[in-house]
Amino acid sequence: MKKTLIRFFLKCILAVVPLVVLCLFTALFPFGYMDDEFPSWKYQKDMTLSGPSYDTLILGDSTAKAGLIPAELGDNVMNLSMGGATPIEIYYTLQRYLEHHDAPEHALIMFTPYHYSFLDNFWQRTMYFNYLDTDEAVEVLSNARRVSEDAILTDSCLLDTVSYRLRLPNKYLPAMYNSGFVGRRSSNEQIYSEIAVNRGQYYFGTADGCSDHNYESNYTALNLSPMVDLYMHKLLDLCTENNIHVVLEQAPMNTTSYDLLDAVYSEEYTAYMKRLSQEYPEITIDTVIAHYEDAYFGDASHLNEKGAVKFTAEIRTEYPDLFPMQ
C-alpha cells in the first residue's frame with residue numbers, strides 16, 4: 001500500500017513538472033514570444049522601479065509616446081507613455097514611479113480622445129503583459145465593479161486574472177508556439193534598446209504622410225468610460241497630492257480625420273476637458289483638439305518623425321516652465 005501511494009505521488013509530481021517548467025519559461029523569457037508592443041511596456045515598468053529621477057514626465061498613450069521627443073525637450077525629461085494605455089495604467093505607472101523616485105516637478109499627460117471611451121487593451125495588453133501587480137489588479141477589478149465597467153467585468157475576469165498571474169499555458173502557449181518560443185527575442189531586444197536610447201519615445205507609424213481615418217472619426221458621441229473617468233481623477237489627485245504641476249494636452253489629428261469628426265463628439269470631449277478644468281483649476285488643460293496636415297502622420301493616429309519634431313517644438317515653446325531652454 002505504501003509503495004502504491006509513493007508511486008501515485010511520483011506520477012502526480014511528474015505530471016505537474018512540465019506545467020511548472022512551462023509557466024517558469026513564460027515568466028522568465030517573455031522577450032522570446034511576446035509581440036512587439038511588449039518591450040515598450042517592459043521598459044516603462046523597469047523605469048518606474050529603478051533608474052534616475054526626472055524633473056518632467058510625459059504620461060499617456062501611443063500618441064504621447066510617438067509625438068513627444070525627450071531629447072528635444074531637455075535632459076531631465078522621460079517619456080513613460082505606452083501604446084494602448086488609459087488613465088488606469090498611467091495611474092499605476094506614476095504611483096509605482098513615486099514609490100521608487102523623487103516626485104517630478106511636472107507631468108505632461110496626453111491621451112487620444114478614443115482612450116477616454118474604450119478599454120480595448122486592458123485584457124490584451126495590461127493583463128497579458130502582467131503590467132499590474134496582484135494587488136493593483138485586484139483593485140482594478142474592485143473599482144470596475146463599483147462603476148459597472150463591462151469591458152473589464154467579463155464572464156471570465158477572475159479566471160483570466162489568475163491565469164495571467166500564474167502565466168498558465170492557456171493564455172501564452174499560442175504565442176510561444178507561433179514564435180517558436182524564442183523567435184521574437186532579437187527583435188524585442190532591439191525595440192527595447194531603441195526605446196531606452198530615446199528615453200521612452202517610439203514611432204508607431206513611419207509613413208511619409210497618411211490620410212487614413214482615425215478611430216475618433218467613426219463615432220458620434222464620446223461615451224466617456226466611467227472607469228476612465230474614475231482613474232483620470234485618481235491620476236490628477238495623485239499629482240496634486242505630490243505637488244506635481246500638470247499639463248493635460250491632446251495630440252493633433254490628421255486633417256482628414258479631423259474634418260470627419262462629429263460635432264457632438266467634439267463638443268462632448270471639450271465639455272469633459274472643461275469639467276476637469278473646473279475641478280482642478282491649478283492644472284493647465286487644453287480643451288481643443290488640434291490637427292496637422294496629413295503629411296505629418298505615419299499612420300491614421302500617430303505622428304511620424306517630422307510630425308513629432310513639429311509637435312515637440314510647439315509644446316516646448318508653449319510650456320517653457322516644463323522644458324526650459326538649456
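Author: The count comes to 29 aromatic pairs. Here, rings of Phe, Tyr and Trp (its six-membered ring) pair if their centres lie within 6.5 Å; planes under 30 degrees apart are stacked, over 60 edge-to-face, and the rest tilted. One of the pairs is Tyr-116 with Tyr-272, edge-to-face, at 5.7 Å centre to centre and 70° between the planes. Tyr-116 lies in the loop between strand S3 (106-110) and helix H6 (122-127), and Tyr-272 in helix H13 (residues 263-279), so the pair ties together parts 156 residues apart in sequence. Helices (H or I, at least four residues) and strands (E, at least two) are DSSP runs, numbered from the N terminus. Tyr-116 and Tyr-272 are both buried. Buried means under 20% relative accessible area, exposed over 50%, partly exposed in between (1.4 Å probe, protein chains only). Tyr-128 and Phe-129 have ring centres 5.8 Å apart and planes at 50°, so this pair is tilted. Both Tyr-128 and Phe-129 are buried.

A word on the basis. This is a predicted model, where local features need pLDDT of at least 70, side-chain atom pairs count only at pLDDT 80 or more, and totals for chains, interfaces and linings use all residues. Residues are numbered from 1 along each chain as its sequence is written, and side-chain values use heavy atoms, with hydrogens and water left out.

Next, charges over rings. The rule asks for NZ of Lys or CZ of Arg within 6 Å of the ring centre and within 35 degrees of the ring normal. The charged end of Lys-310 sits over the ring of Tyr-296, 5.5 Å from its centre. Lys-45 lies over the face of Tyr-131, at 6.0 Å from the ring centre.

Now the cysteines. The structure holds zero disulfides, a disulfide being a pair of cysteine sulfur atoms within 2.5 Å. Cys-157 is buried at 7% relative accessible area. Cys-239 is buried too, at 0%.

Last, the salt bridges. There are 10, each a side-chain nitrogen of Lys or Arg within 4 Å of a carboxyl oxygen of Asp or Glu. Lys-42 bridges to Asp-46, with the closest N and O atoms 2.9 Å apart. Both lie in helix H2 (residues 38-49), four residues apart, about one turn of the helix. Lys-42 is partly exposed at 30%, whereas Asp-46 is buried at 19%. Asp-208 bridges to Lys-306, with the closest N and O atoms 3.0 Å apart. Asp-208 is exposed at 65%; Lys-306 is partly exposed at 37%. Asp-229, Arg-275 and Glu-279 form a network of salt bridges.
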